[in-house]
Amino acid sequence: MRYKSRRLNKEYLELPDIGKLILDYVDYFSQKEFGIEIMITHLFRTQDEQDYIYKGRTRKQGDTLRHYGKNPWYSDHQFWQAADIRTFHYKPEQVKKIIKFINENFRYNKDDSKKMVLYHQIGSHGWHFHIRWCKETICLDSYNPYIF
Ligand SMILES: [Zn+2]
């Protein structure tokens, strides 16, 4: 597992166990399948950092546009519930395989109410996986039952 900065190295140690487990799994899979260590580019985000990324931006909510300035939103990163992984060095089929691997091994919660992984690009942050979890996230790997 590689880190874009020293800050991330420290933040990894602060992650809840389920976050570490997911990243360890994805790193294992990526190394075994493609010979590539994952590169973590973002973990925790402060409110100032959130404001900097989204200031002046809008996003669709149903049929309406939500303005961050008037009606700001939070990020999973602000609650230690997400990790970003760089993807530009993966081939498109490798990206698909990693997404499939995550979805086969984890459920966000019992209701499966959120996608475990988004593949997206935001602002100056290039294309990346945004992997998220919560206290109810379940690891489905029968060899490693890890249920919260
Ligand atoms: Zn993210």
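# Notebook: loops, sheet and core

I began with Asp-112, which sits in the loop between β6 (106-107) and β7 (117-122). I was working from a predicted model. Asp-112 has a phi near 55°, a positive value in a residue other than glycine. Most residues other than glycine have a negative phi, and I therefore made a note of this one. I counted 11 C-beta neighbours inside 10 Å, so Asp-112 goes down as exposed.

**Other positive phi values**

I looked next at Trp-80, in the loop between β4 and β5. Trp-80 is not a glycine, yet its phi is positive, at about 60°. Is Trp-80 exposed or only partly exposed? I found 16 C-beta neighbours inside 10 Å, and on that count Trp-80 is partly exposed.

I then checked helix α3 (residues 47-54) itself: none of its eight residues is buried, so the helix lies largely in the open.

**Asn-71**

I stayed with the loop between β4 (64-67) and β5 for Asn-71, which is found there. Asn-71 counts as exposed because it has 9 C-beta neighbours inside 10 Å. I took the C-alpha to C-alpha distance from Asn-71 to Lys-96 and got 34 Å, for a sequence separation of 25 residues.

**Whole chain**

I listed four helices and 10 strands in the protein chain. In sequence order the pattern reads β-α-α-β-α-β-β-β-α-β-β-β-β-β. The radius of gyration is 16 Å, close to the 15 Å from the globule rule for 148 residues, so the chain is as compact as a globular protein of that length. The C-alpha trace spans about 45 × 35 × 30 Å along its principal axes.

I put the buried share at 20% of the 148 residues. For contacts with a separation of 6 or more, 69% are between residues 24 or more positions apart.

**The sheet**

Which strands make up the open sheet, and in what order? I traced five strands, in the order β1-β2-β5-β8-β7, with mixed pairing. β1 (2-3) and β7 stand at the edges; each has a single partner strand, so one side of each has no neighbour in the sheet.

- β1 and β2 run parallel and are joined by two bridges. Arg-2 has Met-39 in β2 as its bridge partner.
- Strand β2 (residues 39-42) and β5 run antiparallel, again with two bridges. Here His-42 stands opposite Asp-84 in β5.
- β5 and strand β8 (residues 125-132) are antiparallel over five bridges. In β8, His-130 is the bridge partner of Asp-84, and His-128 is that of Arg-86.

Helix α4 (residues 92-105) packs on it and touches β7 and β8. The direction of α4 makes about 135° with that of β7.

**Burial and core**

How many of the five residues of strand β5 (residues 82-86) are buried? I counted four, so by the cut-off of 20 or more other C-beta atoms within 10 Å the strand is mostly covered.

I then looked up the largest nonpolar core, which has 18 residues. Those with the most contacts inside it are Ile-22, Val-26, Ile-40, Ala-83, Ile-85, Phe-129 and Ile-131. The elements that give it two or more residues are α2 (17-34), β5 and β8. The largest share comes from α2, with four residues.

Which residues is Phe-129 in contact with, leaving aside neighbours within four places in sequence? I found Asp-84, Ile-85, Thr-87, Ile-98, Val-117 and Tyr-119. Of these, Ile-85 is also named among the core residues with the most contacts.

Conventions: Residues are numbered from 1 along each chain as its sequence is written. This is a predicted model: local features need pLDDT of at least 70, side-chain atom pairs count only at pLDDT 80 or more; totals for chains, interfaces and linings use all residues. A residue is buried if 20 or more other C-beta atoms lie within 10 Å of its own, exposed if 12 or fewer, and partly exposed in between; C-beta atoms are placed from the backbone. Two strands pair if DSSP finds at least two bridges between them. The radius of gyration is taken over C-alpha atoms; the globule rule is 2.2 Å times the number of residues to the power 0.38. Two residues are in contact if their C-beta atoms, placed from the backbone, lie within 7 Å. A nonpolar core is a set of buried Ala, Val, Leu, Ile, Met, Phe, Trp, Tyr and Cys residues joined through C-beta atoms within 7 Å. Axes are lines fitted to C-alpha atoms, for helices over the stretch in contact, and angles run from 0 to 180 degrees between N-to-C directions.
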